[in-house]
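Reader: I'd like to go through this one feature by feature. Could you give me the general idea each time, and then the case at hand?

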Amino acid sequence: MTLHRSTDRFLTTHVGSLPRPTRLLEANKARQSETLTEEDFQKLLSEEVATVIERQVEAGIDIVNDGEFGHSTVRGDDYGSWWTYSFQRTGGLEIDRNITHDELFKIPGNGRLNSFGVRRDWTKYADFYSTINLRNKSEDDGVFPVATSPLTYIGQEEVAADVRNVSQAVTRHNATEGFVAALSPGSAARIGNKYYKTEREWLFAWADVLKEEYRAIVDAGLTLQIDDPSFAEAWDQLVPEPTIAEYLEFTELAVEAQNYALEGIDPENVRFHLCWGSWHGPHSTDIELKHILPTLLQLNVGGFTFEAANARHAHEWKEWEGVDLGGRLLYPGLVSHSTNLIEHPELVAQRLENFASVVDKQQIVASTDCGLGGRLHPDIAWAKLAALSAGAKIASERLF
């Protein structure tokens, strides 16, 4: 499916994760405890995907997905599993609860940059972070796997269910476009590794695994969304702290692996999502978009989704002025997952107009900063999507 453009109005979409209904959460727990059969779970999952896509269409969202309901969760909670779902779809991994942090997050053969540590933002504001419960911090406790043998893709049945459920619901509810999210090699590689000797081998092993999932999505006629928070947020975790040049060198290898994984896939079927980690905190040590933008443009994809509404990055729309997109699309976040305030539609329209002042309006699709599932109360998440749609309508009436 070719990425749809905003030809006579601003189209709308979101990044992926949506609040999971209680019925699905309970079914997932029953599935894990083996009190619900796989057949019955898959039937229920298909029904819930159809419902969530219908609700997106009713909210005015044009480019829809399954809310990432098909991505298995580790704890069966509402947060979703943009990253950890890959653990269940990859062979060659084992859980090692005795591995140390340094062993777990060591980057093989990387030299100057040798590990992932605690985010510098968390250290800088340690007292603040000690008082809040970070979902993404607790989600990962004790569940990181380690590569102990060659990686293989074993998620054929799961991705087949993803694309089947989305395809059927998109057709049934006459949505403009359907997408399915999948992990990037750069983000997938942030787990323990006891098998591969170099960073290049490690990244390209993940690329070989993930390309099978990518192909299954696009072959089904759906848009592939690559999820890669590591593209920007790894900056805040690398130890020792890199220079900008060192970080770009580190990131360019991940870009090379990503492009390798996408070989043979039309870029017009792919959009790439980056963010700065999405936890609710100061984000004072985020790398600025201007530093990573040239590297981002090296990706062989048809569009970019990114945070543009949260207070730390809302000013960066100006960075796109004069950028040669080569026909690629922008999916700027116009409502944020990081605040419970529901953006006024006029603010959404204003943000769209800002982007339209520096980029061709037909190359802009209104989106969210990041996934909303688990980060906001369901009522607020859906209200934000409604505000996004209303704001896009206002801006469309002004600009088209």
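**Charges over rings**

Author: Start with Lys211, whose charged end sits over the ring of Tyr260, 4.0 Å from its centre. The rule here is that NZ of Lys or CZ of Arg lies within 6 Å of the ring centre and within 35 degrees of the ring normal. Arg271 lies over the face of Tyr331 too, at 4.9 Å from the ring centre. Before we go on: this is a predicted model, so local features need pLDDT of at least 70 and side-chain atom pairs count only at pLDDT 80 or more, while totals for chains, interfaces and linings use all residues. Residues are numbered from 1 along each chain as its sequence is written, and side-chain values use heavy atoms, with hydrogens and water left out.

Reader: How many aromatic pairs are there?

Author: Rings of Phe, Tyr and Trp (its six-membered ring) pair if their centres lie within 6.5 Å; planes under 30 degrees apart are stacked, over 60 edge-to-face, and the rest tilted. That rule gives 17 aromatic pairs. Among them is Trp83 with Phe87, edge-to-face at 5.7 Å centre to centre and 70° between the planes. Trp83 is buried because its relative accessibility is 8% (buried is under 20% relative accessible area, exposed over 50%, partly exposed in between, with a 1.4 Å probe and protein chains only). Phe87, at 12%, is buried as well.

Another edge-to-face pair is Trp235 with Tyr247, at 5.6 Å centre to centre and 80° between the planes. Trp235 lies in the loop between helix H10 (230–233) and strand S8 (238–239), and Tyr247 lies in helix H11 (residues 244–261), so the pair ties together parts 12 residues apart in sequence. Helices (H or I, at least four residues) and strands (E, at least two) are DSSP runs, numbered from the N terminus. Trp235 is buried at 10%, and Tyr247 is buried at 0%. Ring pairs also link Phe116, Trp235, Tyr247 and Phe250 into a cluster.

Reader: Which strands does S9 pair with?

Author: Strands pair if DSSP finds at least two bridges between them. S7 (residues 223–227) pairs with S9 in the parallel sense over 4 bridges, and Leu224 stands opposite Val270. S9 also runs parallel to S10 (residues 303–306), again joined by 4 bridges, with Phe304 as the bridge partner of Phe272. From S9 the chain crosses through helix H12 (residues 289–296) to S10 in a right-handed β-α-β crossover; right-handed means that, with the strands pointing away from the viewer, the path from the first strand over the helix to the second runs clockwise.

Reader: And how many residues of S9 are buried?

Author: In S9 (residues 270–274), 5 of its 5 residues are buried. Val270, Phe272 and Leu274 cover one side, and Arg271 and His273 the other.
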